[in-house]
Amino acid sequence: MKFKYHWQVTILGIVLLLSAITYITYQTNYKRLEQEAISSLQTRAQSNAQMLSTKLNEVSSDLTFMQSVPPVQGIIRAHKNDGIDPLDQSSLHVWKARLGETFKSYVLSHDDIYQIRYIGLGNGGREIVRVDRTVSGAQITPEPVLQKKGDRDYFKDIISTEVDGIFVSDITLNRELGKIQIPHNPTIRLAVKVYTDTSDIFGFIIVNKSIKPLFENLAADLPKTMNMFVLNDNEQFLYHPDSTVAFDFELGDGINWNDYINNSSKSNTSKRNTSLLVSPKESISGLSSLPLMKGKNSVTIRIIESKNTIWLNAITNTFYAFLIFIISVAIFFILFSSYRKSIKSQTDLVLEKARNSSIVEGSQDAIIAITMDGKITDWNPSASQMFGYSKKDVLGQYLKEIVHTSDDVQEEVNIRQTLRLGGQVKAFESVRKAKNDRLIHVSVSASPIKNESGKIIGVSKIIRDITEKKQVADELEELNHTLEQQVAERTLELQESYGLQTAILNNAAHIVIATDIHGVITLFNPAAEMYLGYSASEVVGKETPQLFHLESEVIQRSVDLTKELKEDIKPGFDVFIAKSFRGLKNEHEWTYVAKSGSKIPVYLSVTSLHDGNGEINGYLGMATNITEIIDHKNKLEVLKDQLTKASEVADIGIWSWNTSTNSITWNPIMFDIYDVELGANIEFEQWASMVVDEDRERAVEHFKRFAEEGNGTDLIFDIMTQKGIRKTIQATATVETNLIDTSITMVGVNKDISDQMRYEQALKTAKEVSDQANQMKSEFVANMSHEIRTPMSAIIGLLELLRRTELTSKQLDYVSKSSSAAKSLLHILNDILDFSKVEAGKLEIDPHPFCLSDLVENVMTVLSPNIKDKDVELVIDLDPKLPSYVTLDSLRLQQIIVNLVGNSIKFTHSGVVSVKLMADINDLNCLTILVSDTGIGIPKEKQEKIFEPFSQAEASIVREYGGTGLGLVITQKLLKLMGGVYLVIVK
């Protein structure tokens, strides 16, 4: 009886113990799983919030880029300038159409964007451009349908000064014309302000993004045991597993999170479908808040999971733990049973050893057993075959003395030491020596030999001959090394080629743009960035080349290609690659529109890119800025027109002669000059035949020499026209060399100067007649002056003799006046005679050495009587730097000084007449004569007149002072004959 109860108590104790262990295990698992679940929920909530943030940031980046596209600023400029953009003369309508196409492309490439608008501040916040997603794609809203949004809350929030950067609205149901859109479309709006060039707000670009698909995708990624909720700042539901709860606060019948937690809602809450929801009171949750716009609004993402799931997992884990415990007990009993069978296993081991021995004997590898000190204890037949020693020859010998070389003896010691320490010896390659000292490449593996107590008593080695394998490996290694060198050399060549191509691409002055087959830009080189103003990051992978093309040119090119290729080529990317796609040469002039709105004329060449299979995988465009070429072309056209008009006005013929082909090109006036029918073909020999015989050889030689040497002067020659009229032609030319084929072309002009030559001949004849008459006049005047001077000298002499006789005072007065008048007349005759000699070219200069001081004394002697009773002092100053003797014509020099000083004395009533003879500081061989006085002076406007023959400054001077007006003229001519210059300075 006691035995019976003893077993019952034991069993009860075991049951209680197992129950306690099970309960503790359950509680431990539950708490661990609960913490892991909370952490996982928190991570999922944060991940979903980050995903939402990423999507919004992508739209923000798109808005920032959209803010800078040319049509946005073009619309602003056109608004300010009565609908015309002053920058490129594009109309407001054109800019709106371009922006509409840009918006349309954006909507089509973003599935969750269903509306994008450009709204201005003016006109009640009326939409400027609007694109909506439709069932068939995207549609630009017509002008009459555009709405005014100035009364909307988001309009006022966006233009608020508190908003800086990207505006992000609350998530609400979309409204059209003030009513909630059906079906409901949860929407978040992102906007960016657009400023004028004066930093004033013009309007904003706003994007409507449908948020429902994103919430549904985030919720779909959760396990079925979890529910996701999205709340606004008021903890009202933006997303709920029960779609009838989401946004019910906008319908006037909503609950918030607290209502949901407390299971209290409005009257109709109980009617909602909550069969799929997890009860908040019976769940755990994780949350993450995401600010939409800093300091303005945010959303909170909550993810909850039922505690039932944790309870079920805890039960499952506890069950597995209990199961493992039972299995462990079972294993214990199994091991115990195994021990009992160990004796039987010993017997089986002996049998197994015998079987292994037979395997060793039959192995193709050499198997050698040695003691821990290295003596051979076993040697199978394969070892005998490999090394050439029989088993009886080696048993008891040290292995190192039989097969080891002097270089690998230490290997044997290391193997035994490793195994003795309990380590493992991995298979390794080495070299062993055979009986005939032949070296064998081998693979060696070693394992310990243990006795029944587990003690290591020896080493078993398996040696495999790998000589042939080694040879093959060496050959492969050498081949591999050769291949590696070739690959390295080829790689270096490719790197150098790539580096060269990259350097060419980055430093090229041409715009280089590559696209994929759909037109999306894949390459945008630095020259493209410089000319177009876009950075590579703005366009690569985002835009097509149509971004910077004029729409009008694209449309016109579409029409032209349709006619040329006889295929319907639509306006768009196909316009740029249609010819390249068909293997045709594709070059054309385009106008690029830079980001700033400026226009750049370019010459674009497009080629197709191919992959390894020869399939087109993209297109490469190289554009050359031809602004200077266009300007030069326009200037040449203007110059050509001007030259044509000038040639017509001046009656100048223009011609060109290609020396290689001998062909001549004439303008219409050339045909008129040579009396040749307009448009007739003219060659060089035909032209040469029209040159008169006496000038032909000279003219032909002149132009040929000019073509070869490139230098020459104008040529005048006579021609005989086809109408038999002789004309005189003046020709001039220039040489142009073609840099490509080195051909030479002469371009020149012909002018009919027949009338001019006749006029010049008439002038020449008239001049000769005039010169002859003038010569005769001068000779007559000189002869007459000479003839008159002889009796006049006699009269003066007789008057002087008469003066010496006894005369009355009255008679003496008559004689004095007569003598003065005669001397004046003689002076006039001398002036006329000198003037005539100068004009006739018969006045000669006689240079000879003379003393300057003597000249000064003679001048004083001659001029002193002229002073008479005037209050005038005559001062002559001789510069000590002058040499005592100079070589000049002393008589003419004295005549010059007397003329100049005589005039000064004549026109000076009182004061000083000063004469200075000085050495020139710049040229010691030059004599400077300075005459100054305190007389009446000469007005500046009259100074040129006094050097005219028979002229004086004023007519009254002749009456008061007398004179012929020839003194200064003769003085000036004498100075020129003596190499001097006459300068008048009057103060």
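Visitor: Why does S199 count as exposed?

Guide: In this predicted model, S199 has a relative accessibility of 57%, and since exposed means over 50% relative accessible area, buried under 20% and partly exposed in between (1.4 Å probe, protein chains only), S199 counts as exposed. S199 sits in the loop between β8 and β9 (201–210), and its phi is near 70°, a positive value in a residue other than glycine.

Visitor: What are the ground rules for numbering and for what is counted?

Guide: Residues are numbered from 1 along each chain as its sequence is written. Because the model is predicted, local features need pLDDT of at least 70 and side-chain atom pairs count only at pLDDT 80 or more, while totals for chains, interfaces and linings use all residues, and side-chain values use heavy atoms, with hydrogens and water left out.

Visitor: What makes D675 buried or exposed?

Guide: The relative accessible area of D675 is 16%, so D675 is buried. D675 lies in the loop between α20 (668–673) and β26 (682–683), where helices (H or I, at least four residues) and strands (E, at least two) are DSSP runs numbered from the N terminus; D675 has a positive phi of about 55° although it is not a glycine.

Visitor: How do you know that the buried residues of α22 line one face of the helix?

Guide: In α22, the residues D695, A699, V700, H702, F703, F706 and A707 are buried. Seen down the axis of α22, these buried residues fall within an arc of 160°, so they line one face of the helix, the arc being that of the directions from the helix axis to the C-beta atoms. On the other side of α22, D693, E694, E697 and E708 are exposed.

Visitor: What span is expected for α22, and what does the helix reach?

Guide: The expected span is 1.5 Å times one less than the number of residues; for the 17 residues of α22 (residues 693–709) this expectation is 24 Å, and the helix reaches 25 Å from its first C-alpha to its last, which is close to it.

Visitor: Why is strand β19 described as largely enclosed by the rest of the structure?

Guide: In β19 (residues 511–515), 5 of the 5 residues are buried, so the strand is largely enclosed by the rest of the structure. I511, I513 and T515 point one way, whereas V512 and A514 point the other way, and all are buried.

Visitor: What makes β23 and β20 partners of β19?

Guide: Two strands pair if DSSP finds at least two bridges between them. With β23 (residues 616–625), β19 pairs in the antiparallel sense over 5 bridges, and A514 has L620 as its bridge partner there. With β20 (residues 521–524), β19 pairs in the antiparallel sense over 3 bridges, T515 standing opposite I521. β19 and β20 form a hairpin with 5 residues between them, and G519 in the turn has a positive phi of about 95°.

Visitor: What is called a nonpolar core, and which residues have the most contacts inside the largest one?

Guide: A nonpolar core is a set of buried Ala, Val, Leu, Ile, Met, Phe, Trp, Tyr and Cys residues joined through side-chain atoms within 4.5 Å. The largest has 72 residues, and those with the most contacts inside it are I75, F103, I116, Y118, I205, F215 and M228. Helix α1 (residues 2–66) gives the most to this core, with 13 residues. Apart from it lies another core, of 28 residues, among them Y534, L561, L565 and F573.
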